[in-house]
Amino acid sequence: MPTIKDVAQLAQVSTSTVSRVLGGKVFVDEETRRRVQAAMDELHYRPNPLARALREKRTNTFALLVPGIENQIWPLPASLRSSPSWAKW
């Protein structure tokens, strides 16, 4: 699995430049951006979502807290609760 360092070496730029291209928020010269994109394509580089979550200290997940599993409503999927068979309950 290629790393950002491998992409930087192939594109002949710094790892910071590769990071800027990936982030897309900072200006990078168009020719440099193309070289980095070509290197990522050649190496089949894909950013690691787990590494990004660790770096950003954010996972983009959420938790759902329910009152208790003994409650008969919560274990049922929402699609079942909206179906006609739910009316029997």
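## Helices α2 and α3

The axes of helix α2 (residues 15-23) and helix α3 come within 10 Å and cross at roughly 90 degrees, where axes are lines fitted to C-alpha atoms, for helices over the stretch in contact, and angles run from 0 to 180 degrees between N-to-C directions. On the side of α2 the contact is made by T17, V18, V21 and L22, and on the side of α3 by T32, R33, V36, Q37 and M40, contact meaning heavy atoms within 4.5 Å. These residues divide into 5 nonpolar, 3 polar and 1 charged; Ala, Val, Leu, Ile, Met, Phe, Trp, Tyr, Cys and Pro count as nonpolar, Asp, Glu, Lys and Arg as charged, and the others, Gly among them, as polar.

T17, which is found in helix α2, counts as buried because its relative accessibility is 14%, buried being under 20% relative accessible area, exposed over 50% and partly exposed in between (1.4 Å probe, protein chains only). Not counting residues up to four places away in sequence, T17 touches V28 and T32.

## About the model

This is a predicted model, in which local features need pLDDT of at least 70 and side-chain atom pairs count only at pLDDT 80 or more, whereas totals for chains, interfaces and linings use all residues. Residues are numbered from 1 along each chain as its sequence is written, and side-chain values use heavy atoms, with hydrogens and water left out.

## Helices α1 and α3

Helix α1 (residues 4-11) packs against helix α3 (residues 30-43) at an angle of about 125 degrees, with their axes 9 Å apart, and the two are therefore oblique to each other. The contact joins D6, V7, L10 and A11 of α1 to R35, V36, A39, M40, E42 and L43 of α3, and its residues divide into 7 nonpolar, no polar and 3 charged.

## The chain as a whole

The protein chain has 5 helices and 0 strands, which run α-α-α-α-α from the N terminus on; helices (H or I, at least four residues) and strands (E, at least two) are DSSP runs, numbered from the N terminus. Of its 89 residues, 18% count as buried. The protein chain exposes about 7,500 Å², of which carbon and sulfur atoms supply 57%, with areas from the Shrake-Rupley method and a 1.4 Å probe.

Definitions and conventions: Parallel < 35°, antiparallel > 145°, perpendicular 65-115°, else oblique.
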